[in-house]
Structure formats: structure tokens, C-alpha cells
Amino acid sequence: MSAVKKRRILLIEDTVPLAKLYIEFLRADAHEVVHCTRGGEALDAAAAAPPDAVILDLKLPDMDGLEVLRALHHRDPGISVVIITAHGSIDLAVEAMKLGAFDFIVKPFNADRLNLTLRNALERRTLARMVEGYRKDLDRGRFHGFIGSSPEMQAVYRTIESVAASRANVFITGESGTGKEVAAQAIHRASPRRDGAFVALNCAAIPKNLLESEIFGHVKGAFTGAAADRPGAALLADGGTLFLDEICEMPVDLQAKLLRFVQTGAVTPVGSGREERVDVRFVAATNRDPLAEVQAGRFREDLYYRLHVIPLALPPLRDRGDDVIDIARAFLVDYAREEGKSLSVFAAEVEARLRAHDWPGNVRQLQNVIRNVVVLHDGSQVTLDMLPPMAACADAPAVAGTGPGPGGPEADGTVLPLWRVEKDMIRKALRLAGDDVPRAALMLEISPSTIYRKLQQWRAAEERGAEGSGMEGRPAGETAA
Ligand SMILES: Nc1ncnc2c1ncn2[C@@H]1O[C@H](COP(=O)(O)OP(=O)(O)OP(=O)(O)O)[C@@H](O)[C@H]1O
Ligand SMILES: [Mg+2]
């Protein structure tokens, strides 16, 4: 049996003996030939199952053959139609070619002639489909919350599309701020579960002693403070998607319980003896190297393999070419509208600078930079002097007059608020530790949970829009005292 999919040929020929002869010519076993004797019937057949090529006799009992051709083209402009014409009707064939027919053959013809013409028609069709596919890819500058048309992101979109339909668990990796949560949501939204809930659980942000109850829920009285039964994320995500964010931060003992849940779909709320079954699709994410975590004994190997069915790696922003400009432009428009500003374009040098920067904080950092510009400046064009100093930016020295750079007081003796110094120092430690929170904590001689708490507070402040407004990352209510 051939593994090649048969191509569907629609043969429109009112003279049955001739049609039979052509089918014989075509070696019907090589193609799937659908034969129609009337134009209307043929259009219905083409609508029901689009053919790869059409062989059309222009003289039909119920319709003008050229009308049939027009209708076929109207439905599918890329369709390949081969016209059969009698010796005396070459004019008609020429007319058909003008209307977009692929080729014509004059009766009588032999098997070779028919097969050669058909093979060319099918080849043209294949090429047209490939071009269509490439164009579709190039056109995809946006995809479920993502902006960017780089080949790297097209590959991400394709993976998301192809896994969305299944229940397979997806494991997303990528540096901080590359859009892992955006990807998790895209998978949910592109999936048949889109009407179910998308529940995100950030394993790094929830205190370890509360994590189990956050996932599995608890019953009243299960622990001090459990005043009533409470469903966990697992139950809330029933019929939908459970996003386990920062999965590598989950304590190892809880990983064992999670493994059981992933394997069986069974949930036991804290303090309850009763199991409930849920239907959940898992998407996990981390900005660490999960295999290194497995090797270090911090992430259970069996859980890793359960979750790591489909890997999805998000490229860093610096590897996405001009996407950085497309994303920056979109943020500029959004933030200017939100802030009531008229900034709408970047000067050419600004775009060059944005493109050249290495964006260690990826899209989130870009967001902050653009927000900063919009909040602090007016006018219609963003100029180079408006850009804030960008951390870890080898190409962009801090611009005088736009505030102190990261890392502490300036040489002139300016004193910074303590929260700012703390934030810069933690960021610096994280950078040096390659975003490994426990390692950064070790350097700073503080506990990792302090960093997690701070990160969470800063994120909340960023979401409130405090970042860049001069209150950068300053948690609500926190004073320098
Ligand atoms: N391609 C993109 N186009 C537009 N916005 C994006 C894109 N990627 C990410 N974002 C935005 O950037 C921010 C960071 O994205 P997200 O939270 O998904 O990143 P992350 O990889 O989960 O980061 P972290 O590791 O820090 O949790 C979000 O506000 C998100 O909407
Ligand atoms: Mg995230």
C-alpha cells in the first residue's frame, strides 16, 4: 500500500463513455476520481470536498462550462482546472485560460497527454499551497496575545496550534519575561477546553505551607485558619487547563502528591479522606533548566517526564529580530492611549537602539521601558534622550539627566531611597546567579522566600503601573524606614 495520499480529481464530462475512457487513462488507482456529468452537480461536489485538480469539458448540458470555471475559481482562487475542448473550439479554450484555467487539451488526446497535463496541474496546486502556507506564516504578526512575526515565533505559534487540540501536557521553558504565561493562555484558548477555566498557580509566589491547599483545596478545620471548605486550583480547573507556573519551585514532598494527581486525575483536599476526580490539562512553566533541576535532585524525574510531554521553548527577545520593534510600537500605542499622551512613533535611532539591546528581562523589560518613556515624556516622537537607562545594556550607556543607573548612589553623592537600592541589589544578584533565586539569596545572605516575596510585590506594582512612574517597584505602603 502506498503511503502517499491520493489526490482528488474532479472530472466534469457529460459523455459517459468518454469519461470512462479518461478514468482509465488516469489509472484510477493513482487518484481518487470523482465524476460528474452536470455543472451544478460538479459545483456541489467541489463544495463538499475540494478537489486538488479539475478536468472540465466546456460543453455541458445544464450550464455554460465557462460559468462552471468561474464558480470554481470564485470558491477557490488557487484551484487548477484543465479544460477539455474540441478541435473547433480553441477560442473557447483561450477564453477559459483568460479566466484562470491552468491548461487545455484538445480532443482527441491520449493517456500520456492527459497525465502529463494533470501532473503539472497538481504540481502547481502543491506549490500554490506552499506559498499560501508561507504567506499565512508571514502574515501572522499576532497570535493569541503574542505580537511578533519572526520565524522563531512562527515556530512557537505552530507548536501551540498543533498541540492545542490534544490533551497532552505541555512544558514551557524560557527566560523571564519571554511570555510563558501568554503561551499557556494561548494553548488554552486555542484548545477545545477554551470554554472551561484557565487556572494559573504560581508555585514561587505562594508560601510553601499553603501550596498544597491552593492546589488541592481543603476542608473546614483542616488547619488553623481553614474556616470553611475551599476548592483548590485542581477542582476549579476541571474541564479546563491548570497552569503550574514556576514548577521547579514546588517543594519535593508536594511534587509526589502532584505526580499522583497528574497520573490519575484524583484530587484529595487537605484534611479530607475523600477523593474527587477531575479532567484537567496541565501546562507547566519554568525559567530554569528543568533537567538541571532534576539532576540536582530538586525536581522529581518522574514528574518531569509526566509533564514534559510536549516541550515549548520560548526564544529570548534578542533572538526575535524585528519583533522587538513591532512589540515596542504596539506598547507605545497602547500606553499612550492609556496615559492620554500623543507619543506615537520612535525616532530611527531609538529603533536601532531597541533592536541592538540584549533585553535580559525580555518582553517585560521592554514593556517597562516603553511605559517609562510614555509616563515621563510628551510630544509625538520618542527620541533617544527619552529612553531610560537600560540595565545590563552594553550598547546603551545611561543617559545623563534621566536618573541614576542601577546599582546604587551616583558618584555625585545622590542618595537613593532604600527600597530602590534593595531592588537594584536583588536584581543584580539575580542576574549574576542566572535567575537562580536560591543562589542569589545565598549571595545576599537572605532567605530565598524574601526574594520571592519581593519579586511578587514588584510584579504587583508593575501591574498597577507604578513601575517607571518614579515609584519603580516600590511596594504599596512600604517606606524606607
Ligand atoms: N510576544 C509578545 N507580544 C506582546 N506581549 C508580550 C509578548 N510576550 C510577552 N508579552 C507580555 O510581556 C509580559 C511578560 O509575559 P509573561 O508574564 O507571559 O512572561 P513569563 O515568561 O511568564 O515571565 P516570568 O518568567 O517572569 O514569569 C506580559 O505582560 C505579557 O503580556
Ligand atoms: Mg510567568
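## Where the shell around ligand 1 comes from

Four elements each give at least two residues to the shell around ligand 1: strand E7 (146-147), helix H7 (180-190), helix H13 (323-339) and helix H15 (362-376). Helices and strands here are DSSP runs numbered from the N terminus (H or I, at least four residues, for a helix; E, at least two, for a strand). This is a predicted model, where local features need pLDDT of at least 70 and side-chain atom pairs pLDDT 80 or more, while totals for chains, interfaces and linings use all residues. Residues are numbered from 1 along each chain as its sequence is written, ligands are numbered from 1 in the order in which they are written, and side-chain values use heavy atoms, leaving out hydrogens and water.

## Who sits around the ligand

In total, 20 residues surround ligand 1, and the closest are Ser176, Gly177, Lys180, Arg364 and Gln367. To be near, a residue needs a heavy atom within 4 Å. Sorted by class, the shell has six nonpolar, seven polar and seven charged residues; Asp, Glu, Lys and Arg count as charged, Ala, Val, Leu, Ile, Met, Phe, Trp, Tyr, Cys and Pro as nonpolar, and the others, Gly among them, as polar.

## Contacts with ligand oxygens

Lys180 has a polar side-chain atom 2.6 Å from an oxygen atom of ligand 1. A polar contact is a pair of N or O atoms within 3.5 Å.

Note on methods. A polar contact is a pair of N or O atoms within 3.5 Å; within protein, one must be able to donate a hydrogen and the other to accept it, and residues adjacent in sequence count only if both atoms are side-chain atoms.
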